[in-house]
Amino acid sequence: MNPHTLGCIEAGTPCCVPVPHLSIENLAVSYGDTPVLSDVSLDIYKGCITALIGPSGCGKTSFLNALNRLTDLIPGARVEGRLRLVDGANSLDLLDPGLDVRALRRRVGMIFQRPNPFPLSIRRNLELPLREHGMRRADALAHKIETALSDVGLWEEVRDRLDAPALALSGGQQQRLCIARALVLEPEILLMDEPCSALDPIASGVVEEMIQSLSGRYTVVIVTHNLAQARRIGNYAAFFWMRERIGQLVEFGRCRQIFDAPVHPATAAYIGGMRG
Amino acid sequence: MHSVPGDRLFGLALWGAALSVAAVFAWLFVDLARLGLGALSWDFITTAPENAGRDGGIASILVSTLLILGVAVGVAAPVGLGAAVWLNTYTRAGGGTGRRIRLALDGLAGMPSIVFGLFGNAFFSVYLGLGFSILSGGLTLAAMILPVFIRTVEAGLGAVDDGWRRGAAALGLTQSAALAHVILPAAAPAIGAGLMLGIGRAAAETAALIFTSGYVDRMPESLSDSGRALAVHIYDLSMNVAGGDTHAAASALVLVALVACANLLAVALSRRLLTRRLAL
Ligand SMILES: Nc1ncnc2c1ncn2[C@@H]1O[C@H](COP(=O)(O)OP(=O)(O)OP(=O)(O)O)[C@@H](O)[C@H]1O
Ligand SMILES: [Mg+2]
């Protein structure tokens, strides 16, 4: 496992204390009058990969969307509770209606289930967010683009065709381009909603390995239905479950603990289903 | 590959339908060409009409037509684009406002053009004091083509992948940046189609123009001069001028060519402007 993550600490005595990056208390999400998620409290630790698992419809996507206020785009969506982005002694209230969401989304990037590169050239896909955030110097742009593409292992594959349409890339390449597009803004946190589920096993493996290489540098929250994948890449895992049709966080802890010694019977049953 | 009898029948029916449509157009076109092709020449396009259009050409009429179309499209395109974007962005939740506006637009789209003519005459010519002028005619046509243009563009915007919108928002792009760089370019084909429909309808219009831009066949000197559009000219030649049939047919051929060119231009322009310029 990557030596820079807090992930290895469970192997021996803890060498460092996990630092919360996102602090979530009693978070609830509802659409119109229908609550879909309630009473979620957990800390997302800095530099760690937190895997969100749970059955379909239990509110994982809704939870993720609340973290970067993408719920603002959904008419009728309401988020309640406390949600703070912790930065040393400072903390930013993310549910503040007056919050600068553009600045927030620059710090908290997002990757979607279906790769969604813009119908532009590869270069333009990366340049657009940079330019829109005020970066215009050509050499700085080129440098950042190369760095981001290298970070996702795409540079060697596309360096000769940066002006080709992004939609001509394969699915796995498109997803890595989308990750690069998020990375190019130098975010602190990356939210990923089933980033591998639309990809074939090989592309999925490549993306997974790449995500793993991000741990330590970024705080990653990843939703996945692939429990083996959650176990492989997660440092922490959060298990969501539905009670009376409302999603809830049932268990949160070190990945190894969740998978090897789940406390809650529902977690045990869900994990057990994977084996059986 | 096997083909089921029912399938073959279905295929035949489709071919039959397509062929009969093509046949109608071919017949129409051949008829026009038989009558008018002889009168068609470079001189016909570049000289002024004489003797109520029986002799001479259509130079002044062509200029008036282009000016009227230019005003109509120049006004309808930006206004319609704005309205479509507004409808698509702010009235998506299936709320009452959006539904009522769409209903009103659909009603207007089906309105007979003579109603627009009367409206244009009352509003632009009389109330705004523009009189019988190319400006009145162009504005009236703009009002007439707006409903269909807005609905077409709006449908195009609605068909744009929502993943792009969410992706743009998640990158902290402003709504206007997402619109300019991603959404509108993706909707370029719909915008081109909307323009084509509008230009086609405007170029073919007679009723709405008789009351607004009039039928003076002199060369217009400014937008506030009256001017006779090609369709009006064709109508006048075939209805009111004995012996005007040949020139009516020749003018119709010019009109067909004009609409075809305008359509090609609209498609090329929306592609180029929206995908190329904004994308690179
Ligand atoms: N825009 C919306 N409007 C109304 N209800 C919604 C909306 N989006 C999601 N829901 C409902 O909220 C609940 C949680 O959905 P969500 O997409 O968050 O689940 P999920 O855990 O991500 O599921 P999956 O694993 O299938 O992606 C579901 O019952 C869903 O029907
Ligand atoms: Mg989901």
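Buried means under 20% relative accessible area, exposed means over 50%, and partly exposed lies in between, with a 1.4 Å probe and protein chains only. This is a predicted model, in which local features need pLDDT of at least 70 and side-chain atom pairs count only at pLDDT 80 or more, while totals for chains, interfaces and linings use all residues. Residues are numbered from 1 along each chain as its sequence is written, chains are lettered from A in the order in which they are written, and side-chain values use heavy atoms, with hydrogens and water left out.

**View 1. Phe63(A) and Phe240(A) form a tilted aromatic pair.**
Rings of Phe, Tyr and Trp (its six-membered ring) pair if their centres lie within 6.5 Å; planes under 30 degrees apart are stacked, over 60 edge-to-face, and the rest tilted. Over all chains there are 10 aromatic pairs. Phe240(A) is buried, at 0% relative accessible area. Phe63(A) is buried too, at 0%. The two residues are 177 apart in the chain: Phe63(A) sits in helix α1 (residues 60-67), Phe240(A) in strand β9 (residues 236-243), both of chain A. Helices (H or I, at least four residues) and strands (E, at least two) are DSSP runs, numbered from the N terminus.

**View 2. Tyr236(A) and Phe252(A) form a stacked pair.**
Their ring centres are 5.8 Å apart, with the planes at 15°. Tyr236(A) belongs to strand β9 and Phe252(A) to strand β10 (residues 246-254) of chain A, 16 residues apart. Tyr236(A) is buried at 4%. Phe252(A) is partly exposed at 25%. In chain B, Phe119(B), Phe123(B), Phe124(B) and Tyr127(B) make up one aromatic cluster.

**View 3. Phe118(A) has a charge over its ring.**
The charged end of Arg181(A) sits 4.2 Å from the ring centre. The rule asks for NZ of Lys or CZ of Arg within 6 Å of the ring centre and within 35 degrees of the ring normal. Phe118(A) is also among the residues with the most contacts inside the largest nonpolar core.

**View 4. The largest nonpolar core has 114 residues.**
Such a core is a set of buried Ala, Val, Leu, Ile, Met, Phe, Trp, Tyr and Cys residues joined through side-chain atoms within 4.5 Å. Helix α12 (residues 245-279) of chain B gives the most to this core, with 11 residues. Leu149(A) and Ile211(A) are also among those with the most contacts inside it. Beyond its neighbours within four places in sequence, Ile211(A) is in contact (heavy atoms within 4.5 Å) with residues including Ile49(A), Met192(A) and Pro195(A).

**View 5. Asp161(B) and Arg114(A) form a salt bridge.**
A salt bridge is a side-chain nitrogen of Lys or Arg within 4 Å of a carboxyl oxygen of Asp or Glu. The closest N and O atoms of this pair are 3.2 Å apart. Asp161(B) lies in the loop between α6 (134-158) and α7 (162-170) of chain B, and Arg114(A) in the loop between β6 (108-111) and α3 (122-132) of chain A, so the pair joins two chains. Asp161(B) is partly exposed at 25%.

Arg131(A) is partly exposed at 26%, whereas Glu127(A) is buried at 13%.
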